Amino acid sequence: MKNIGIWIVAIIGISLSISCNNDPSLQKYFIDHQNDANFISLDLPASLIRTDAVNLNEEEKEALNSIHKVNLLLLPLKNEEMQNAYDKETNDISNILKSDTYETLIRFGSNDTKVVLKSLGEENIDEVVVFATDQSKGLALVRILGDNMKPEKMIKLARSVEQGRLDLGALKEIAEGISID
């Protein structure tokens with residue numbers, strides 16, 4: 001009987017050590033940096049980006065309506081001293097996003113600005129990640145959380161933002177209104 005108890009404890013211990021994953025995750029990254037003085041952190045309801053005045057087609061509207069919450073983490077380059085932090089954080093985020101967990105949806109950019117959209121899953125997804133870097137402005141990491149988001153529709157929605165057909169002015173005003181001292 002004593003041996004059975006030892007085996008049970010050993011199996012539970014092994015199971016716990018296997019299930020505890022110390023690999024970095026995007027969620028952990030957000031949690032670790034939400035109170036960092038160098039970052040701006042926002043959790044926004046999707047209602048801030050919904051508006052009846054936008055010029056979107058049905059697929060783009062469907063993509064927008066599948067979004068429930070947006071987590072935003074910004075690292076603005078306020079001065080030259082921030083460049084090392086920018087380089088380190090860009091590298092850390094890139095390494096997390098290289099995981100097989102994330103599927104690349106689209107990459108775009110120009111000059112020193114780069115943007116990548118990734119998702120968890122391939123068909124009906126619950127999370128889309130936008131990672132944008134700009135050598136002179138800083139970085140933005142966005143987690144878009146929703147239900148059964150369609151990758152092809154999210155790509156079209158991203159293109160409508162890029163083309164200026166979806167006004168994210170409310171998000172910009174919030175970010176600009178936050179003191180970055």
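Student: Which residues of H5 are the buried ones?
Tutor: They are Pro151, Lys153, Met154, Ile155, Leu157, Ala158 and Ser160.

Student: How do you know that the length of H5 agrees with its number of residues?
Tutor: Helix H5 (residues 151-162) has 12 residues, and at 1.5 Å a residue they should span 16 Å. The expected span takes one less than the number of residues, times 1.5 Å. The end C-alpha atoms of H5 are 16 Å apart, so the two values agree.

Student: What makes H2 roughly parallel or roughly antiparallel to H4?
Tutor: Helix H2 (residues 26-33) and H4 pack at an angle of about 155°, and their axes are 10 Å apart. Angles over 145 degrees count as roughly antiparallel. Therefore H2 is roughly antiparallel to H4.

Student: Which residues make that contact?
Tutor: From H2 there are Leu26, Tyr29 and His33, and from H4 there are Glu89, Asp92, Ile93, Ile96 and Leu97. Sorted by class, the contact has five nonpolar, one polar and two charged residues.

Student: Is histidine 33 buried or exposed, and why?
Tutor: Its relative accessible area is 12%. Buried means under 20%, so histidine 33 is buried. Histidine 33 is in helix H2. Leaving out residues up to four places away in sequence, histidine 33 touches Phe39, Leu73 and Glu89.

Student: Why does valine 116 count as buried?
Tutor: Valine 116 has 8% relative accessibility. The limit for buried is under 20%, so valine 116 counts as buried. Valine 116 lies in strand E4. Not counting residues up to four places away in sequence, valine 116 touches Thr104, Ile106, Arg107, Val129, Val130 and Phe131.

Student: How far apart are valine 116 and leucine 97?
Tutor: They are 19 residues apart in sequence and 9.7 Å apart in space, C-alpha to C-alpha.

Student: Where is confidence lowest, and where is it highest?
Tutor: The lowest is helix H1 (residues 2-19), with a mean of 47, and the highest is helix H4 (residues 82-97), at 93. Over residues 13-20 the pLDDT is below 50, and this stretch has zero contacts in the model beyond near neighbours in sequence. Where pLDDT is low, the predicted coordinates should not be read in detail.

Conventions: Residues numbered from 1 in each chain as written. Predicted model: local features only at pLDDT ≥ 70, side-chain atom pairs only at ≥ 80, totals over all residues. Heavy atoms only, no water. pLDDT = per-residue confidence, 0-100. Helix = DSSP H or I, 4+ residues; strand = E, 2+ residues; numbered from the N terminus. Contact = heavy atoms within 4.5 Å. Axes fitted to C-alpha atoms, helices over the stretch in contact; angles between N-to-C directions. Parallel < 35°, antiparallel > 145°, perpendicular 65-115°, else oblique. Nonpolar A, V, L, I, M, F, W, Y, C, P; charged D, E, K, R; others polar. Buried < 20%, exposed > 50% of the residue type's maximum accessible area, 1.4 Å probe, protein only.
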